[in-house]
Amino acid sequence: MRTVSIVGGGASGTLTAANLLRMSRGTDLRVVLHERAAAVGQGLAYSTTDERHLLNVRTRDMSGLADEPGHLVAWAERHGHPADPIGFLPRATYALYLRDLLTDLDDGRLERRREDVTDVEPRDGGGYAVHGSEGVTDADAVVLAYGNLPSGTLAVDGRPLPDAGWHLPSAWDVGALRSLPADARVVLVGSGLTAVDAAVTLLGDEPGREVWMVSRTGMVPHRHLPLPCSTSWVRPISDDACTADIYAAHVREQVDRAAASGVCWRSVIDGMRGLTQRLWQRLDVTERRRFLAEHARDWEVARHRMAPEVAAAIQGFRATGRLHVLGGGLAAVEDHGDAAGVTLADGTAVDADAVVNCTGPCPDLDRTDMPLAVRLRERGLLRRDPLGLGAHCEPDGRVVDASGEVREDLLVVGPPRKGALWETTAVPEIRAQAADLAARLADGAGVVRRPDLARR
């Protein structure tokens with residue numbers, strides 16, 4: 001009997017386990033899913049309890065199975081959830097879907113271990129000992145599906161913010177946001193989708209609250225249209241064009257050409273989706289670094305858009321003066337005991353009941369204090385990619401360890417592949433990775449590879 005351990009039971013781990021069980025039917029392959037939370041399928045992304053926090057991808061595109069695009073819609077219809085294929089489900093509902101998907105595919109070969117994994121130790125002769133808080137699991141292969149790492153520490157002029165009651169280090173703690181006073185004045189540091197969700201909770205719950213959303217650029221995500229664009233507009237780019245500036249100029253040119261033909265810019269961005277990973281892999285490290293410095297934020301606000309309902313709420317909060325969005329970030333933060341004296345880059349002074357870290361995940365493995373990552377760095381099994389975007393790995397998820405060896409039996413899936421792929425945090429990309437990885441692992445159990453799934 002072969003055993004595959006999957007470390008992490010969020011979206012990445014759950015999709016990998018589900019696909020592996022599905023592709024290895026008829027074998028004795030054992031799948032062990034290690035997840036400390038009571039429920040699988042949540043992670044940071046889908047653990048919210050606020051039903052106003054919506055997916056930012058349409059329901060029709062969020063199936064967990066690459067070869068069954070209507071799977072989520074059918075599940076929603078069966079269980080009485082909104083089943084509009086072009087609508088946007090609550091993220092909490094999607095967590096229920098992932099849980100049910102795994103349950104439906106479990107034929108008795110899945111073992112769920114509710115525990116923290118603290119170490120993955122190579123065994124003499126192959127395989128690993130996976131050390132968890134509940135014991136040790138012997139595994140022939142290990143999939144690291146730890147998802148998005150927590151946000152980095154907020155600091156001003158290199159000095160971390162104090163560990164004070166007004167300092168909320170995680171925007172994903174909906175309970176902490178809701179416990180703030182009904183007339184709270186809150187500073188959200190960050191202006192991406194994480195900050196948008198925090199603003200929806202804070203301002204949607206209490207009409208007397210006021211929020212300042214601040215970031216380096218002051219840019220917020222664009223919105224999806226209620227109806228999807230009917231055209232996917234994309235033109236090829238020369239294989240000789242391998243610089244970040246050329247890529248950015250190409251996108252701008254295509255947006256202009258599309259507009260001249262009456263086609264929405266969203267059609268260009270969506271049309272690029274299938275090309276992004278290949279284009280990223282053609283850039284060398286210097287050009288990738290330039291993209292991050294010069295173009296990444298423009299791409300992200302266009303690529304990762306708000307659901308129409310969320311965008312309308314944010315627009316309403318801004319129109320009524322309850323939400324202020326500013327660039328430049330924080331200039332100073334003073335601890336006043338029960339509150340913080342915050343000075344923004346434009347000179348605005350806010351006596352804040354809370355300062356909330358909405359900067360999003362910090363993917364740099366050298367900056368995280370997650371015990372497992374620290375231990376695997378010490379062992380030389382895991383290291384950061386050259387830009388600190390995730391784990392050093394091959395595009396197919398095989399880990400490249402500290403000695404430069406590519407490990408066939410130690411893999412990462414989802415957000416940890418960002419340095420190798422860039423586009424790797426949304427479910428359509430993660431489910432394709434999970435299917436490909438599952439097909440390869442199932443091969444070792446004597447199952448014929450299913451390339452139709454692996455290619456999707």
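Which residues do ring pairs link into a cluster? The cluster consists of Tyr 46, Trp 75, Tyr 94 and Tyr 97. The model is predicted, with local features needing pLDDT of at least 70 and side-chain atom pairs counting only at pLDDT 80 or more, while totals for chains, interfaces and linings use all residues. Residues are numbered from 1 along each chain as its sequence is written, and side-chain values use heavy atoms, leaving out hydrogens and water.

Rings of Phe, Tyr and Trp (its six-membered ring) pair if their centres lie within 6.5 Å; planes under 30 degrees apart count as stacked, over 60 as edge-to-face and the rest as tilted. By this rule there are six aromatic pairs. One of them joins Trp 280 and Phe 291: the centres are 5.9 Å apart and the planes at 75°, so this pair is edge-to-face. Because Trp 280 belongs to helix α7 (residues 265–282) and Phe 291 to helix α8 (residues 285–294), the pair ties together parts eleven residues apart in sequence. Helices here are DSSP runs of H or I with at least four residues, numbered from the N terminus.

Phe 291 also pairs edge-to-face with Trp 422, at 5.2 Å centre to centre and 90° between the planes. Trp 422 lies in the loop between α12 (418–421) and α13 (427–443), 131 residues from Phe 291, so distant parts of the chain are linked.

Buried means under 20% relative accessible area, exposed over 50%, and partly exposed in between (1.4 Å probe, protein chains only). Phe 291 has 12% relative accessibility and therefore counts as buried; Trp 422, at 6%, also counts as buried.

The charged end of Lys 418 sits over the ring of Trp 422, 4.5 Å from its centre. The rule for this is that NZ of Lys or CZ of Arg is within 6 Å of the ring centre and within 35 degrees of the ring normal.

Terms used: Helices (H or I, at least four residues) and strands (E, at least two) are DSSP runs, numbered from the N terminus.
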